[in-house]
Amino acid sequence: MESKEQTYQCPRIVLGGTSSGAGKTTLSIGLMAALRKRGLQAQGFKVGPDYIDPTYHTAATGRISRNLDTWMMPPQVMHEVFLRGSQSADISLIEGVMGFYDGKDPLSNQGSTAEISLLLQAPVILVLDVKAMARSAAAIVKGFQELEPSVKIVGVIANRCGSANHFKLVKAAVEQMCKVPVIGYLPNDPSLKVPERHLGLIPAIERVEMEPWFDLLAEKIEATVDLDLLLALANGAPALAEPTEKLLAGPSPTSSDLSPVKLAVAKDEAFNFYYQENLELLEAYGAELCYFSPLHGEIPPMDADGLYIGGGFPEEFAERLSQWAKERQTLHGMIEAGLPTFAECGGFMYLCQSITDRAGQQHEMVGAIPYQVEMQQKLAALGYREALAERDSLLLLAGETARGHEFHYSKITEETTENHAYQVKGMRGVKKEGYAKGNLLAGYTHLHFASHPGMIKRWLDSCREYAVHRSAVNKAFH
């Protein structure tokens, strides 16, 4: 007898912008805050590799936001990530990336918000910046409808309206020509913009930091957006089938009989960029995650079998990080003694010898990597990366590949050439990047473990080997 396919009702909406800067992030966060204020469980998702917007989602909803990406992970894994994150949620809000149809290829939907909406059969609300236009808004919406007729655009939200009367003009034009409701608007009010730092968005670590802004957004959304209609449109999404193959379902057969691994993970205001799936995959393969804060003078527990330092903004906290000299020296010693360590972007910078901030002040860091880091005013790297291992390392054998992305304003000013970790390929060509030596692997590239799950097994196997002689290592620190 055949088993019946498991399906799930997942009320969901994609918030797709007509372009970058159309207002997707502000609107997405505002809707999440307004729905939470109503007592609903809203789950946030972000299309693409971005870490910053999901931190706002998490703070606004109280639920961990997740990335949906079809380049760094196979489509069935993306599907699994969506269903996993949507469990117990009243509605899932999927914030798009760039313009709705923008992705890897100008001739197809690959890597775009449109592709995610089609794969998840998710209704779409188009976010349109209507400043200085009225009837022309209908022409834009019409074009988005006709470029890919299989996309289900079910409504529009107008951003940067000059007044309630301006909104009425846009609404009348779009509804007449496009036959979809314009369910609300946001006024052209600078106080609604996402708070920015001089060179990038502030990562929202705690809800309390952003509470006044969330409250303001929720109040505006309640006043100008038809939330009941939004919920009705989300509830109209069809049921989704469970993927036949699962990556995150539970312990892998190869790891279920192995000893657990205690993995120290740096997490605080300076280090907080982690894909939730990376952490969950580590747990599925037998890792017990224990968190510590370098910014507050903490070091990994002495019984840790491995170390993971993710990305973030160490440059914004470089002076404070440099003050913990004894702790940095201890961490350096632990890594030198063989602690299997993976660090990416901000974590990579922290393990270098120093960070020179934008004011020209040099701050001493851990020194486990013989590189110097210097901040720049302009963006140094942005985009997807395919990393080809130059040599055997903690995660990859020479010749193996993994996928991820790069985003940073810093550059390495002094580095050796013999210990590069990867050849990374992006839109602008190929370059050598990172540092791999013995038990240490670090680089600017944020790797997504779902792109090559073998990385996890290799890393945790190294951690188990290290655990065998850890007691002897610990004696050196007492």
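A residue counts as buried when its relative accessible area is under 20%. Keep that in mind as we walk through this predicted model.

**Stop 1: strand S20.** Select residues 369-375. This is strand S20, and five of its seven residues are buried, so by that cut-off the strand is mostly covered.

**Stop 2: the open sheet.** Show the seven strands in the order S4-S3-S5-S2-S6-S7-S8; they form an open sheet with parallel pairing. Strands S4 (66-68) and S8 (182-187) are at the edges and have a single partner strand each, so one side of each lacks a neighbour in the sheet. On average, neighbouring strands are turned by 25° against each other, ignoring direction. Zoom in on S2 (residues 12-17) and S6 (residues 124-129), a parallel pair with four bridges. Leucine 15 has isoleucine 125 in S6 as its bridge partner. Then select residues 75-86: helix H3 lies across S2, S3, S4 and S5, and runs at about 150° to S4.

**Stop 3: the largest nonpolar core.** This core has 157 residues, and those touching the most other members are Val174, Leu282, Tyr308, Phe342, Leu351, Phe449 and Trp459. Helix H1 (residues 24-37) gives the largest share, seven residues. Finish on tryptophan 459, whose contacts include Leu263, Leu307, Pro340 and Leu394.

Key. Residues numbered from 1 in each chain as written. Predicted model: local features only at pLDDT ≥ 70, side-chain atom pairs only at ≥ 80, totals over all residues. Heavy atoms only, no water. Buried < 20%, exposed > 50% of the residue type's maximum accessible area, 1.4 Å probe, protein only. Helix = DSSP H or I, 4+ residues; strand = E, 2+ residues; numbered from the N terminus. Core = buried A, V, L, I, M, F, W, Y, C linked by side-chain atoms within 4.5 Å. Contact = heavy atoms within 4.5 Å. Pairing = 2+ DSSP bridges. Axes fitted to C-alpha atoms, helices over the stretch in contact; angles between N-to-C directions. Lists of a residue's contacts leave out its neighbours within four places in sequence.
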